[in-house]
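Work through the exercises below with the sequence and the model open. Each task is followed by a solution in steps.

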Amino acid sequence: MRGWFDLNATLLIAVGGIFALLVAGTIIIWALKRARPEKDYTELVQRTKSWWVMAAIFTAAVLVDRVAGLIFLGIVSFLALKEYLSIIPTRRADRRILFFLYLAIPIQYYWVGTGWYGMFIIFVPVYMLLFLPLPMLVIGQTQGFLRAVGTLHWGLMVTVFSLSHAAYTLMLPLAPAAKGGWAEPHVGAALMIYLVVLTQLNDVAQFVWGKLLGRHKIIPAVSPNKTWEGFVGGVLTSVALSAALGPWLTPIDWRGAAILGAILGIAGFVGDVTVSALKRDLGLKDTSQFLPGHGGVLDRVDSLTYTAPLFLHYVRYFYY
Amino acid sequence: MHWLRLLFFLVVVRPAVLFLLGLFVRRQELLPRQGPAIVVANHNSHLDTLVLLALFPLALLPKVRPVAAADYFLEGDSTLGWIARNLIGIIPIRRRGSALENMRDDPLRPAAEALAQGAILIIYPEGTRGEPGKLAKFKNGVAFLVERFPDVPVTPVYLHGLGKAWPKGERWPVPLLCEVFVGTRLRWCGDRAQFVAKLERRVQAMARFGDFPGWDSEPSAADEKRALDGER
């Protein structure tokens with residue numbers, strides 16, 4: 001059990017940085033509101049308020065200890081899966097399957113918590129895939145079987161399997177290339193903060209660059225507001241940010257971190273657009289109204305569902 | 001038993017409804033803030049009552065009483081009856097045609113008495129839990145009650161998604177998001193049939209705003225192919 005007092009200084013500065021950014025964002029929006037009182041900034045204000053709440057809960061969970069971090073991400077998986085299951089069409093016969101899907105969350109996070117990488121990496125893609133049809137066979141309704149088994153497993157992969165990769169960063173041990181001054185649980189916390197901050201700032205950067213320079217639509221059929229300028233600006237911002245933060249928070253040198261920044265920027269965009277495609281298919285604007293100004297939990301973690309696995313495998317392969 | 005009911009809602013019902021289910025309430029400010037008042041809602045699930053009760057501030061909770069069927073809740077299973085009476089705080093009504101019906105007695109009397117004492121009644125005019133997404137014809141008991149208390153405001157509510165979370169006939173609820181739409185209050189208009197029709201229209205109008213799909217009954221790809229083959 002470690003206390004707040006012996007936290008790594010770098011970690012505390014990183015958390016301080018997150019809140020400094022929030023203060024800056026809040027001041028900018030306040031200034032915008034004063035400069036142009038005729039414009040409606042309600043959504044932006046709501047969004048910033050939600051950012052404050054999310055940042056407070058996230059940093060607290062990550063700093064306290066590994067278990068708190070795992071529980072926090074388990075809850076995020078639960079909320080995201082619940083949203084997904086609420087908005088997709090399901091068969092009444094599959095009600096019992098939904099229980100098993102929820103049950104997969106604590107099991108998957110248990111594998112993460114024990115650091116059993118082999119089980120963590122195959123439980124949902126292999127064993128849940130093999131298991132899910134069984135209760136359906138017992139119930140015996142074959143009409144819509146393929147569609148049900150496909151949609152339910154895809155949802156589990158996105159909301160539980162992908163997101164649990166973010167949790168697994170907490171379990172990473174001290175890297176062979178680690179600098180002095182780091183202790184084991186702090187390494188994981190720093191990796192997690194790096195992943196989440198970079199993913200979310202990439203979202204914000206793509207949004208801001210798109211607003212400032214956006215002209216050419218990148219994928220109008222799925223997400224009409226996304227532009228090439230926003231995408232490229234976001235990725236370049238992520239590259240710069242990653243090259244600056246990587247060597248400081250992670251065992252990655254600046255060159256590796258720059259490449260990682262590009263990977264996370266592109267993956268984040270793809271994750272965002274994938275959830276947009278899902279919403280378009282279902283005729284929804286947001287997956288829910290859980291986070292005022294953002295939409296649902298799934299809307300907020302859409303990029304993370306893509307960046308988390310890529311980040312974990314990149315770091316594990318090259319630095320462990 | 002008041003404290004037990006309050007504790008039950010504070011520790012069990014509210015966290016379950018807010019975290020396990022997840023609730024989005026539109027125009028919650030239109031719910032009555034004092035009794036006597038009547039809240040009328042569609043009915044698909046046992047969760048309906050828990051959700052509606054969880055929407056009221058704890059201070060108001062002792063006044064909020066769901067009107068429920070005596071033959072269902074007070075017969076047979078005594079645990080269910082105990083929970084219904086002491087934790088949920090139902091006002092049991094003897095439904096027409098049920099074994100408990102007493103021809104000489106006024107079935108609405110317990111509800112009328114509670115209303116006279118300033119209660120906020122929750123009434124499901126469909127009479128029973130129906131299929132999710134389908135609104136059964138409203139029965140006119142509520143109109144008989146409002147006729148006797150013409151000054152009591154009636155607030156229509158549409159509950160969406162609960163019939164999927166815990167439909168009739170299923171043993172366990174599953175966590176799914178739900179929506180609650182609160183409508184503007186109605187007052188007695190002098191005619192029973194007209195009043196019930198008006199209420200029904202209000203609830204039906206709100207039903208269109210629900211975001212979540214009902215049960216999937218689309219034919220599978222195989223069925224479509226079979227149908228195509230048949231046409232050829």
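A residue is buried if 20 or more other C-beta atoms lie within 10 Å of its own, exposed if 12 or fewer, and partly exposed in between, with C-beta atoms placed from the backbone. Helices (H or I, at least four residues) and strands (E, at least two) are DSSP runs, numbered from the N terminus. The model is predicted: local features need pLDDT of at least 70, side-chain atom pairs count only at pLDDT 80 or more, and totals for chains, interfaces and linings use all residues. Residues are numbered from 1 along each chain as its sequence is written, and chains are lettered from A and ligands numbered from 1 in the order in which they are written.

**Exercise 1.** Determine how many residues of helix H2 (residues 47-54) of chain B are buried.

Solution. Apply the burial count to each residue of the helix. The residues that pass are Leu47(B), Asp48(B), Thr49(B), Leu50(B), Val51(B), Leu52(B), Leu53(B) and Ala54(B). That is 8 of 8, and H2(B) is mostly covered.

**Exercise 2.** Describe the fold content and overall dimensions of chain A.

Solution. Start with the elements: chain A has 11 helices and 0 strands. Next, take the extent: the C-alpha atoms fill a box of roughly 60 × 50 × 30 Å along the principal axes. The radius of gyration, taken over C-alpha atoms, is compared with a globule rule of 2.2 Å times the number of residues to the power 0.38. For 320 residues a compact globule would come near 20 Å, and chain A agrees because its value is 20 Å. Finally, 44% of the 320 residues of chain A count as buried.

**Exercise 3.** Characterise the packing of helix H2 (residues 42-64) and helix H8 (residues 184-213) of chain A.

Solution. Axes are lines fitted to C-alpha atoms, for helices over the stretch in contact, and angles run from 0 to 180 degrees between N-to-C directions. Here the angle is about 160° and the axes are 9 Å apart. H2(A) is therefore roughly antiparallel to H8(A), where angles under 35 degrees count as roughly parallel, over 145 as roughly antiparallel, 65 to 115 as roughly perpendicular and the rest as oblique. Contact means C-beta atoms, placed from the backbone, within 7 Å. On this criterion Phe58(A), Val62(A) and Leu63(A) of H2(A) meet Ala189(A), Met192(A), Ile193(A) and Val196(A) of H8(A). The contact residues divide into 7 nonpolar, no polar and no charged; Ala, Val, Leu, Ile, Met, Phe, Trp, Tyr, Cys and Pro count as nonpolar, Asp, Glu, Lys and Arg as charged, and the others, Gly among them, as polar.

**Exercise 4.** Which residues does Lys82(A) contact, leaving aside its neighbours within four places in sequence?

Solution. First place the residue: Lys82(A) lies in helix H3 (residues 66-87) of chain A. Lys82(A) counts as buried because it has 27 C-beta neighbours inside 10 Å. Its contacts are Gly22(B), Pro175(B), Leu176(B) and Leu177(B). For the interface as a whole, 16 residues of chain B are in contact with 20 residues of chain A. The side of chain B that touches chain A divides into 8 nonpolar, 3 polar and 5 charged residues.

Methods: Contact = placed C-beta atoms within 7 Å.
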